[in-house]
Amino acid sequence: MPGIARLTLRGFGRTNSVTVPAVRPEREHALVAAVRDGAPDGVLAHGGGRSYGDCALVKDGTAVLTRRLDRLLDFDAASGEVVCEAGVTMGEVLRVLGPRGFFPPACPGSARVTIGGAIANDVHGKDQARAGSFGHHVRWIDLVLASGEVVRVSRDARPELFEATIGGVGLTGVVLRACVTLAAAPSTAIAARARRIAHLDELLIALDQAARTSPYLVALIDGTARGDAFGRGILETAEPAPDGTGTWLPSSRVPEVGAIPSVPFLPSAIAGWNAWRLRRVSEAGRSRTLAAGRFFFPLEASHVYTHLRMHELHAVFPESDAGKGLRRVLEAVGDSEVVPLLVVVKRFGRPGLGHLSFAIPGHSLVIDLPAGAGARELLDRVEGTVAEHGGRIYLAKDSTLSAERFARMYPRLPALRRVLSEIDPRGVFRSELAARLRVREASA
Amino acid sequence: MTDETWLVLGASSPIARAVARHVAERGRRVILAGRDLDDLRATAADLAIRGAPRVDVLPFDASDLGSHAAFAARCAELAGTAPLAVLVAFAFMPEQPDVDADPALVRRTVDATFTGAASVLHWLAPRLESQAGGRVVVLGSVAGDRGRPRNYVYGSAKAGLHAYLQGLRARLHRHRVPVTTIKLGFVDTAMTFGRPGTFLVASPESAAAAIVRHAECGADVRYVPSFWRPLMLGVRLIPERIFKRLDV
């Protein structure tokens, strides 16, 4: 049948893939029709393909690709409110509206994340402590329900459905359009300062201090350091530069290929790389002004790195835990034979709006682990630690969590289940993640 | 060149949208024409945010030949004193087996792909002759270079269009209005999505960038992507005696 292609869709971590019938509507009514036509067999929206695991993948059903619905429909330069279709990307918002004085809010690390995906995963950026997650900036959503009906949901109109859709990993429906309040920016550049951090205790203190003075903060940790240097790294704080230009966006011409075959990572090579990066920042620190895109989208800087097969462990620990869980996870990774390629710590400040929103006030930890020997065992151990410490795993990155731990980590799951059983009792919207984590069923 | 008003015919196609974005971001006025007015209004909003100083939406049905005279007059009126740059981006390409099962589709294909284009261009031609500047760019197809069993109804309509444009090019050349024929290979649109036998598919954005470049330098005939030129030369050189035996 024309218009339906069998495509292999991958998670961004290249660990999960499905080959499914896919449709790619180019007009809004075609998207609505695609949901209606696909409903008997199951439907899931697929946007920029930047979710690492299986949350944007469906095996039994039709993938509705939203990237072609990429128009900006309204923009108010006074309030910074933009209405756009679901397939508009963060990079495009920055490219078009950056020069007009606005940045995408709660901007994640990839320019190709779509507005629809940002809502479904309630994404966040380096400014979570101050700006919260993406859902905090969403005024309303036009959502295509399983019946094909389009409803506008917001904090005032059907708030229960709004909260189920923010971070709802696509299970309430397909985002057609959304109205988002952008972040005001005096220029298209970012002023960033980096300084060295000697060890984990210093990091936790420095993050708290930085959160009070800087909107953006992120720490790169040397996951291979031991002993006194355990948890050493670089803390980068940043704010919009008062002047400066350049949005810098990645070339769209680089083809998306499957995955670079697994290569063995020598621990000594990664340790050497980490030490070199640390040395690049002098004792006195480093200040620079860079194009906003370079700051927001580190993931677009390397086409090789983003094609590696990897698991990205992304956890957040509550404030009350005061870094204990963070320390235990870093220790567990250090003790395993799996080499952490990248370790990032951020400070979170505002809990997400949605029932399955990831963010809680506390510390967020990202560890990139090459897929292969030992990775799954390590993740299993670490996920246990995260649960014990009252933390949670980010569904947008996950491909290994168990249903039991998921239910423990997300206490608002019953509220989401109630909404789903009401608006989509037949389970039209489904994903591999939802099946694995038994999002719909009450656990026995 | 800066005061051109771009008239985009068949503006719901992804290539037309991408071309419109290109010119809108450089501050040109745009007239979007097509059948799906809701869709065109969404594109119009997008273009205005991206920098088009003014965007108009006009209903246009390529197959409704009787409406073309009034349509051309309305376009001239909207453009005012500005020269028109015309992009013809509409076509109708049914699957060949569907045409074979229902020969009525032959007429629909030729009407929407050839007759509609020739007709509207003919109604616009006097205005194009009288204006200072402007241009015409028409999306043809490599399918028009040689009739193939898999796609020959559509291909023959495009071949007719190519021949029409040769004549129009000579006519408007006297008035310094270039006419550019773009012979498109596979572009990643709904026309090719999920169709077996497509390869080396170009993105609508990269195709649009090339189309605007060729149109603005007043090229005559260009293949997009450009590697289709040697490829189609090879295809055209195959003797008919052999070609008729090939399953292409």
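Helix axes here are lines fitted to C-alpha atoms over the stretch in contact, and angles run from 0 to 180 degrees between N-to-C directions. In this predicted model, helix 1 (residues 14-25) of chain B packs against helix 7 (residues 204-216) of chain B at an angle of about 55°, and their axes are 8 Å apart. Chain B has 9 helices and 7 strands, and chain B also touches chain A.

**Chain B as a whole**

- The radius of gyration of chain B is 18 Å, close to the 18 Å that the globule rule gives for 248 residues, so chain B is as compact as a globular protein of that length.
- Along the principal axes, the C-alpha atoms of chain B fill a box of roughly 55 × 40 × 35 Å.
- Among the 248 residues of chain B, 46% count as buried.
- Of the contacts in chain B with a separation of 6 or more, 67% come from residues 24 or more positions apart.

**Helix 1 and helix 7 of chain B**

- The angle of about 55° makes helix 1 of chain B oblique to helix 7 of chain B.
- Helix 1 of chain B and helix 7 of chain B cross in a right-handed sense.
- Helix 1 of chain B contributes B:Pro14, B:Ile15, B:Ala18, B:Val19, B:His22 and B:Val23 to the contact, while helix 7 of chain B contributes B:Pro204, B:Glu205, B:Ala207, B:Ala208, B:Ala209, B:Ile211 and B:Val212.
- By class, the residues of this contact are 11 nonpolar, 1 polar and 1 charged.

**Helix 3 and helix 5 of chain B**

- Helix 3 (residues 68-79) of chain B packs with helix 5 (residues 104-130) of chain B at an angle of about 40°, and their axes are 9 Å apart.
- Helix 3 of chain B and helix 5 of chain B are therefore oblique to each other.
- The crossing of helix 3 of chain B with helix 5 of chain B is right-handed.
- On the helix 3 side of chain B the contact is made by B:His68, B:Ala69, B:Phe71, B:Ala72, B:Cys75 and B:Ala76, and on the helix 5 side by B:Ser119, B:Val120, B:Trp123, B:Leu124 and B:Arg127.
- This contact of helix 3 with helix 5 of chain B has 8 nonpolar, 2 polar and 1 charged residues.

**Contact between chain B and chain A**

- Chain B gives 17 residues to the contact and chain A gives 17 residues.
- On the side of chain B that touches chain A, the elements giving two or more residues are helix 2 (37-50) and helix 7 of chain B.
- Helix 2 of chain B gives the most to that side, with 7 residues.
- The residues on the side of chain B that touches chain A divide into 6 nonpolar, 4 polar and 7 charged.

Technical notes:
Residues numbered from 1 in each chain as written. Chains lettered and ligands numbered in written order. Predicted model: local features only at pLDDT ≥ 70, side-chain atom pairs only at ≥ 80, totals over all residues. Helix = DSSP H or I, 4+ residues; strand = E, 2+ residues; numbered from the N terminus. Parallel < 35°, antiparallel > 145°, perpendicular 65-115°, else oblique. Left-handed = near helix turned anticlockwise from the far one by under 90°. Contact = placed C-beta atoms within 7 Å. Nonpolar A, V, L, I, M, F, W, Y, C, P; charged D, E, K, R; others polar. Rg over C-alpha atoms; globule rule 2.2 N^0.38 Å. Buried ≥ 20, exposed ≤ 12 C-beta atoms within 10 Å, placed from the backbone.
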